[in-house]
Each structure stands twice: as structure tokens, then as C-alpha cells.
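I set out to look up the open space and the aromatic contacts in this structure. My entries follow the display.

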Amino acid sequence: GTVSIIRERDSSLVNNERKIYTAPSQDIFYDELENRYVLKTGTAFGFFANVYAPLQAYLSSSSEGLSVSSDGKYVYIVPEKEGFYKNVSVKVIDGQGLTYTSSPVNLLVDNDSPSVEILTPENYKWVQKNTTLSVKASDKNGVYSAEYSIDNGTSWNKMKDESGNYRAVLNLETMEDGIIPVDVRVKDISGKVSVARSVIHKDTT
């Protein structure tokens with residue numbers, strides 16, 4: 001016959017500490033560079049409370065725009081409006097009356113991509129050596145960057161921010177006469193990108 005030996009797992013490898021663990025769903029993006037989770041309104045951010053049931057759950061500190069609920073040993077924070085929520089934590093009282101507090105997390109709640117509009121030059125404008133590119137861009141949580149390209153996206157150049165209006169001088173001296181595409185891309189602080197395109201007609205004859 002066959003003899004099977006079952007070895008008890010090393011207790012040091014089992015994390016069974018009574019505490020609250022973060023347990024976000026896989027569709028919630030974690031921005032390691034900025035140490036924050038990015039999600040949309042209505043998306044539940046989860047915690048697992050490894051404590052004695054039943055439990056009561058609260059936000060550690062009042063935060064307008066966030067609600068908290070629990071289901072068994074799971075606790076959920078649900079954002080109700082866009083914004084950046086810093087150092088958010090939940091407090092749980094377990095079935096024995098003991099209180100536990102989670103480690104804080106940063107939540108960036110962002111639903112929409114930024115808006116972008118090319119103000120100048122107007123589409124199919126005739127130009128010679130240079131022209132000014134002016135762009136209006138906005139986002140509820142903030143615009144991170146605005147860039148332009150005049151070589152079909154091969155290279156991108158930053159635009160100067162002037163209180164929500166972004167400007168750049170397009171130097172066309174080395175470019176051949178003809179149709180030149182003007183592409184603009186705007187990124188918000190959550191990483192969402194919007195693009196706009198116009199074309200100009202260079203004619204030096």
C-alpha cells in the first residue's frame with residue numbers, strides 16, 4: 001500500500017493575525033508611484049476583518065463622499081463622488097467588543113477622461129513658418145500633462161500651462177509644404193488620456 005505523510009504547515013508561514021487586511025478587487029488599479037488606488041464612484045473598496053464576528057464597521061474619521069458597509073467579515077468603502085481621499089481607514093468592533101483599525105489607504109476616485117479642445121489654429125489654417133497652438137483642457141481631479149505632436153505621434157512635446165489653457169509655438173520651418181497634422185493629448189492625474197486633432201496647411205510659395 002501507499003503511506004502518505006501529512007506535514008503540519010509551519011506556523012510562521014500562516015498569517016492569521018487578528019487585524020484588518022486590505023482586500024481590493026482585481027479591477028481596482030494600484031498606482032505604486034503615487035501610493036494610491038484608482039477607482040470610480042460606486043466601486044466598493046474591500047477590507048477583510050480577521051476578527052470575531054459579528055462586527056460593526058465605521059470610517060475611522062468622517063469623510064464626506066465615502067460610505068462604509070459590511071458583509072460578514074468583509075468591510076467595504078464606497079465612494080459616492082469624485083476626488084482624492086487621503087489616509088482613509090476603517091474601524092471595526094468585533095463580537096468580543098475589541099476594536100481594530102486598518103492601515104490607511106489613499107483613494108483617487110476618477111470617472112471621466114479629461115476634456116480637451118483645440119482653440120487655435122483653426123482646422124485647415126494656411127500657415128508659413130510657424131503658428132501658435134492653444135488648447136483648453138480640464139478635469140475634475142486635475143490635468144497632469146498636455147502634449148502635442150506634428151509628426152503623427154512619433155514625438156511629443158510638452159505644452160505650457162497657463163491656468164487651464166495650454167500653449168506652444170509650432171515651428172514649421174524644417175517641414176515640407178503641405179498638410180501637417182496637429183495632435184494633442186491630455187492626461188489627467190489618474191492616467192486617463194483624451195486626444196484631439198486638427199490639421200494645418202503649410203504653404204511658403
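I looked up the lining of the largest pocket and found Phe 29, Asp 31, Leu 33, Glu 34, Arg 36, Tyr 144, Lys 187, Asp 188, Ile 189, Ser 190 and Gly 191. A pocket here is an open set of points on a 1 Å grid over the protein atoms alone, where a 1.4 Å probe fits, with protein on both sides within 12 Å along at least five of seven lines; lining residues have an atom within 4 Å of a point. Strand S2 (29-31) and strand S19 (178-188) are the elements that give two or more residues to this lining; strands are DSSP runs of E, at least two residues, numbered from the N terminus.

I noted that the model is predicted: local features need pLDDT of at least 70, side-chain atom pairs count only at pLDDT 80 or more, and totals for chains, interfaces and linings use all residues. Residues are numbered from 1 along each chain as its sequence is written, and side-chain values use heavy atoms, with hydrogens and water left out.

I then turned to the aromatic rings and recorded five pairs, a pair being rings of Phe, Tyr or Trp (its six-membered ring) with centres within 6.5 Å; planes under 30 degrees apart count as stacked, over 60 as edge-to-face and the rest as tilted. Phe 48 and Tyr 74 are tilted, because their planes stand at 55 degrees, with the centres 5.2 Å apart. Phe 48 is in strand S4 (residues 45-49) and Tyr 74 in strand S7 (residues 74-79), so this pair ties together parts 26 residues apart in sequence. Tyr 74 and Tyr 76 are stacked, with centres 6.4 Å apart and planes at 15 degrees.

Conventions: Helix = DSSP H or I, 4+ residues; strand = E, 2+ residues; numbered from the N terminus.
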